[in-house]
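Please open the structure in your viewer and keep the selection panel at hand. The tour goes one selection at a time.

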Amino acid sequence: MARYTKAKCRLCRREGEKLFIKGDRCFTDKCSYERRPYAPGIAGRMRKKMSDYAIQLREKQKVRRMYGVLEGQFRSYFKRADSMKGVTGANLLVLLETRLDNAVYRLGFANSRSQARQLVRHGIFKMNGRRVNIPSMHVKPGDVIEVRDEARKIPVIMEAQEVIARRGCPEWLESDGAAFKGEIKAMPTREDIQFPINEQLIVELYSK
């Protein structure tokens, strides 16, 4: 399984904004983007005039890296979003937001999406009473996600429970930290995704 193994903070610096890839660290003074808010590399501080294509590409890369999906996966999500009813860009974000690993992260069972993905792969969670280990599974209203009994004392899960109190839980989810359980109340809407994303640029990029 291909995955990004280099310094993750470089991705935030490349995109010119925090992607919150490293979870709670991104809210502290240790955040690399806070200390060096310019692109990595020798020419990182140079101001460059970007073409329309470059702007569209950077927006796509920003969203892809934030959710931690590969290029092939991202393109498949776009094709699926384009075939659905409604606005393609909004459909794309909803598909990304309803991934199981993202739901685990949003519910506060992990400190970052990459950590959530790892925990899901290790079979830490149950969905609707059944053990699951596929991060790309999609959740739907009524689904219940819970930490397996034998995994509830894992330190990273305990720490993430403390972080969710500061980060907050989206309205489309309901988290019960004491019971290590969460429920999908509704499908997320475009308004539920507060991160500054211009999804129309991604639509324009893939429509060429």
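What follows is a short walk through a predicted model.

**Stop 1: a pair of helices**

Select residues 71–83, which form helix H4, and residues 88–97, which form helix H5. Two packed helices are described by the angle between their axes and the distance between the axes. Here the angle is about 130° and the axes are 8 Å apart. Angles over 145 degrees would count as roughly antiparallel and 65 to 115 as roughly perpendicular, so H4 and H5 are oblique to each other. The crossing of H4 over H5 is right-handed.

Now show the side chains at the contact. On H4, pick Phe-74, Tyr-77, Phe-78, Arg-80, Ala-81 and Asp-82. On H5, pick Thr-88, Asn-91, Leu-92, Leu-95 and Leu-96. Sorted by class, this contact has seven nonpolar, two polar and two charged residues.

**Stop 2: Asn-91**

Stay on helix H5 and select Asn-91. Is Asn-91 buried or exposed? Its relative accessible area is 11%, and under 20% means buried, so Asn-91 is buried. The side chain of Asn-91 reaches across to the backbone oxygen of Ala-81, at 3.3 Å. Setting aside residues up to four places away in sequence, Asn-91 touches Ala-81, Met-84, Lys-85 and Gly-86.

**Stop 3: Thr-98**

Move on to Thr-98, in the loop between H5 and helix H6 (100–107). Thr-98 is buried, with a relative accessible area of 2%. Which backbone oxygen does the side chain of Thr-98 reach? That of Leu-95, at 3.3 Å. Next, display Met-137, His-138, Val-139, Met-187 and Pro-188: Thr-98 is in contact with these residues, leaving aside neighbours within four places in sequence.

**Stop 4**

Most residues other than glycine have a negative phi. The last two selections go the other way.

Select Asn-128, in the loop between strand S1 (125–127) and strand S2 (130–132). Asn-128 is not a glycine, yet its phi is positive, at about 55°. With 44% relative accessibility, Asn-128 counts as partly exposed.

Finish at Phe-180, in the loop between strand S4 (173–176) and strand S5 (181–184). Phe-180 is a residue other than glycine, and its phi is positive, near 55°. Where Asn-128 is partly exposed, Phe-180 counts as buried, at 12% relative accessibility.

Methods: Residues numbered from 1 in each chain as written. Predicted model: local features only at pLDDT ≥ 70, side-chain atom pairs only at ≥ 80, totals over all residues. Heavy atoms only, no water. Axes fitted to C-alpha atoms, helices over the stretch in contact; angles between N-to-C directions. Helix = DSSP H or I, 4+ residues; strand = E, 2+ residues; numbered from the N terminus. Parallel < 35°, antiparallel > 145°, perpendicular 65-115°, else oblique. Left-handed = near helix turned anticlockwise from the far one by under 90°. Contact = heavy atoms within 4.5 Å. Nonpolar A, V, L, I, M, F, W, Y, C, P; charged D, E, K, R; others polar. Buried < 20%, exposed > 50% of the residue type's maximum accessible area, 1.4 Å probe, protein only. Polar contact = N/O pair within 3.5 Å; in protein donor to acceptor, adjacent residues only side chain to side chain.
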